[in-house]
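Hi,

Here is the structure I promised to pass on to you. Please open it alongside this message, and then read on for what turned up in it.

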Amino acid sequence: IVLNDVCLPEIHYNHTYLDMLKKGIDEQTKQYICEHYEKARWLKHCVERRQETLLLAAQMIFKNQKEFLMSGPTGICPLSFKKIADDMHMNVSTVSRAIKGKYIQTKWGIYPLRSFFGNGVRTEEGEMSPAQIRLIIKRMIEKEDRGHPLSDSKIEKMLKEKGVSISRRTVAGYREQMNIASSTVRRAEYI
């Protein structure tokens, strides 16, 4: 895992002011330079720490998402922020903030780091992540008869037959997250 920090500006100190500290300057100027130098050091430290936290979080995520790396989106397994935070010896909110708005490029595409988290849905074969269920729904819709598209209720029943018990509303929510129109709209688009 490699951070893409190309867009992150480097923080440099203006050595002219640091050199002034070595020369005889008045106490007020010396205090002003020292104060701002410490603020700059603190900013640089915080940016470096943020990058280290992000890299560690990504490493921990993919330590737990090996199946995704091998087989793609169907391999995303349930993963909690608490598990990663515990592995990193950090607070859950720190991990959440570190990955907010961050993406990872993989051979399977570009994914928000948040997409690797979620509580699992219990199935007859174990737990399944929401991403895995969304993929199953997407494949069902891709294979549907365009003249008679699958309703959310029908998808719910088909999932139950596969041992995945989720509500019709959850099916609708997952479908909407994938920007897939309702069966009524899909039927109208076909005609």
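**Salt bridges in the helices**

Let's start at Asp86, which is partly exposed because its relative accessible area is 43% (buried is under 20%, exposed is over 50% and partly exposed lies in between, with a 1.4 Å probe and protein chains only). Please keep in mind that this is a predicted model, in which local features need pLDDT of at least 70 and side-chain atom pairs count only at pLDDT 80 or more, while totals for chains, interfaces and linings use all residues. Residues are numbered from 1 along each chain as its sequence is written, and side-chain values use heavy atoms, with hydrogens and water left out.

What is the partner of Asp86 in a salt bridge? Asp86 pairs with Lys82, and their closest N and O atoms are 3.1 Å apart (a salt bridge needs a side-chain nitrogen of Lys or Arg within 4 Å of a carboxyl oxygen of Asp or Glu). Side chains of opposite charge can pair when their charged atoms come close. Lys82 and Asp86 are four residues apart in helix α4, so about one helical turn separates them (helices are DSSP runs of H or I with at least four residues, strands are runs of E with at least two, and both are numbered from the N terminus).

Helix α4 also holds Lys83 and Asp87, again four residues apart, or about one turn of the helix. Their side chains form a salt bridge with an N to O distance of 3.0 Å. Lys83 is partly exposed at 37% relative accessible area, and Asp87 is partly exposed too, at 26%.

You will find another pair in helix α7 (residues 152–161), where Lys160 and Glu156 are four residues apart, about one turn of the helix. Their closest N and O atoms are 2.9 Å apart, making a salt bridge. Here Lys160 is partly exposed, with a relative accessible area of 41%, whereas Glu156 is buried, at 16%. Over the whole structure, the search finds eight salt bridges.

**Aromatic pairs**

Now for the rings. Those of Phe, Tyr and Trp (its six-membered ring) count as a pair if their centres lie within 6.5 Å; the pair is stacked if the planes are under 30 degrees apart, edge-to-face if over 60, and tilted otherwise. That rule gives seven aromatic pairs. In one of them, Phe68 and Phe116 have ring centres 4.9 Å apart and planes at 75°, so they sit edge-to-face. Phe68 belongs to helix α3 (residues 66–71) and Phe116 to the loop between β2 (109–112) and β3 (121–123), so this pair ties together parts 48 residues apart in sequence. Phe68 is buried, with a relative accessible area of 0%, and Phe116 is buried as well, at 1%.

Phe81 and Phe117 give a stacked pair, because their ring centres are 4.0 Å apart and their planes are at 5°. Phe81 lies in helix α4 (residues 81–88) and Phe117 in the loop between β2 and β3, so parts 36 residues apart in sequence are tied together. Phe117 is buried, with a relative accessible area of 12%. Ring pairs also link Phe62, Phe68, Tyr111 and Phe116 into a cluster.

The largest pocket has a volume of about 500 Å³. On a 1 Å grid over the protein atoms alone, a pocket is an open set of points with protein on both sides within 12 Å along at least five of seven lines, and lining residues have an atom within 4 Å of a point. Points are joined across faces, edges and corners, and the volume is the space filled by probe spheres set on them.

Which residues lie nearest the centre of the largest pocket? They are Val2, Leu3, Asn4, Leu54 and Tyr103, out of 17 lining residues. Both α2 (27–64) and β1 (103–106) supply at least two residues of this lining, and α2 gives the most, with four. By class, the lining has 11 nonpolar, three polar and three charged residues (Ala, Val, Leu, Ile, Met, Phe, Trp, Tyr, Cys and Pro are nonpolar, Asp, Glu, Lys and Arg charged, and the others, Gly among them, polar).

The second largest pocket holds about 320 Å³ of space. Its lining has 13 residues, with Pro73, Tyr111, Ala131, Arg134 and Met178 nearest the centre. The elements giving two or more residues to that lining are β2 and α6 (130–143), and α6 gives the most, with four. Nine of the lining residues of the second largest pocket are nonpolar, two are polar and two are charged.

Best wishes

Notes
On a 1 Å grid over the protein atoms alone, a cavity is a set of points where a 1.4 Å probe fits but cannot get out, and a pocket is an open set with protein on both sides within 12 Å along at least five of seven lines; lining residues have an atom within 4 Å of a point.
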